[in-house]
Amino acid sequence: MYISKKHVSRRTILKGLGVTVALPLLDAMVPARTVFAKTAAGASAAKQRLVCMEMVHGNAGSTAIGVKKNLFAPAQVGRDFEWSPTLEPLAPFREHVTIVSHTDVHNAEAFTPPEIGGDHFRSAAVFLTQSHPHQTQGSDIHAGTSLDQIYAQKFGQETPIPSMQLCIENIDQSGGCFYGYSCAYTDSISWATPEQPLPMIRDPRVVFDQLFGVGATPAERKERRAEDRSILDWLGSSVNRLKKDLGAADRARLDDYLQDVREIERRIQKVEAYNTSGEPRELPGAPIGVPDSFTEHVKLMFDLQALAFASDLTRVFAFKLGRDASNRVYPESGFKGAFHSASHHQEKEERILDFAKINKYHVSLVPYLLEKLKSTPDGDGGSVLDNTVVLYGSPMGDSNVHNHKRVPLFLAGRAGGGLKGNLHVKAADGTPLANAMLTVAHKLGLDMQSFGDSTGELDLNAAAAVTTEAAKA
């Protein structure tokens, strides 16, 4: 490793007029590997990152036909599995992927007769809390504290931004939704406390501005955008001063990082220019920074998450990819029908296979983020992906009947060595999804005895998985 002539703090930032840019990990931040673990950068790298993604409407693989055809869960348990049609896009990251099948989300079920039919309007609140929401359209909402926030509350104070909450679909439909549930349950998957759902950001521009400190007020940010200049234009002298203290490898890494920042900014500006041009929009009610293309929107959000992890601005993201009962169309999937309608397939095989195309398309976007994280070096000699858990799943199983059995879940990343990857874990009948989440929490360094309706850990590194409590019995 190149030894810089001057040590640079991990918390060094580039500052310009109304702009603050954190830096990626540089060799100059870790003067010698022999003492790496004692440095601030070493301590930073030892911390794990967490990305929790929810996709609504369950999965075709949770239907009876889907189970028979192995649309989601591979036929083989263990390390010698063959990819299912839905998960095949993850194949390049096999060594980092842990598939978890056959778990249930009991707390998303109806507990009382008035709750019957309200699955779409409580499920999102259950996903990361694994708690049953109180049915209300008033202010007395109650669910649980979500996994991402439990992690952020313990480790988030070590970064400038404790956590961020992102989404793709429309939110902020305040008041009551349907079946006696507040829209607060539908709008967010991230809960700071059982009574406090956190707002989710849909506009990539807002995320960009929060990450890079662009403007202190909305008016200042609007004025800065109107100037049609890059934030890097305000950092020239700051960048040049820093480069004098860096070796050649660090200067190249810094240039690549700033180019990534500029490229993301350019793409956001391009979206904003089109959305204010008067041309017809597919999403006329969306903020001007939101692309009409689902793929482009998700990739922009992934790019912003990767930048935030690289610069250690935050280590926690909750990312809501859909909204329950959404009838958005995903032509890129090869099926042109509406999402919610497709999920009500009436158990007909042809329609289930069409729904599976949408499921596969959604999964196919995740490798874009995984590649970003894998190609970003971390201070321990591994990659950011090695020190991350990406959790992707749904609180619903067979959406046609609104059940919450055999829900889809996969993990990507190594959790700093806590997850071995290259594994399909099939849980025993009746195993709560909360068991898998409790295990993830433990891999991330959280000391928790239980989570939601968990009954014990689920072994995420063994071919034949049973809960810890079941193993003791």
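The legends below describe close-up views of a predicted model. Local features need pLDDT of at least 70 and side-chain atom pairs count only at pLDDT 80 or more, while totals for chains, interfaces and linings use all residues. Residues are numbered from 1 along each chain as its sequence is written, and side-chain values use heavy atoms, with hydrogens and water left out.

**View A. Helix α12, residues 349–364.** Helices (H or I, at least four residues) and strands (E, at least two) are DSSP runs, numbered from the N terminus. The expected span is 1.5 Å times one less than the number of residues; for the 16 residues of α12 this gives 22 Å, and the end C-alpha atoms are 22 Å apart, which agrees. Buried residues (under 20% relative accessible area, 1.4 Å probe, protein chains only) of α12 include Ile-352, Phe-355, Ile-358, Asn-359 and His-362. An α-helix has 3.6 residues a turn, so residues three or four places apart point the same way. The cover over the buried residues of α12 includes helices α2, α10, α11 and α13 and strands β9 and β10.

**View B. Thr-129 in the loop between α3 (123–127) and α4 (147–155).** Thr-129 has a relative accessible area of 1% and is therefore buried. Beyond neighbours within four places in sequence, Thr-129 is in contact (heavy atoms within 4.5 Å) with Gly-144, Thr-145, Ser-146, Trp-191, Phe-451 and Gly-452.

**View C. The disulfide of Cys-177 and Cys-183.** A disulfide is a pair of cysteine sulfur atoms within 2.5 Å, and the count is one. The S to S distance is 2.0 Å. The link is right-handed, with 115° about the S-S bond. Both Cys-177 and Cys-183 are buried.

Notes. Buried < 20%, exposed > 50% of the residue type's maximum accessible area, 1.4 Å probe, protein only.
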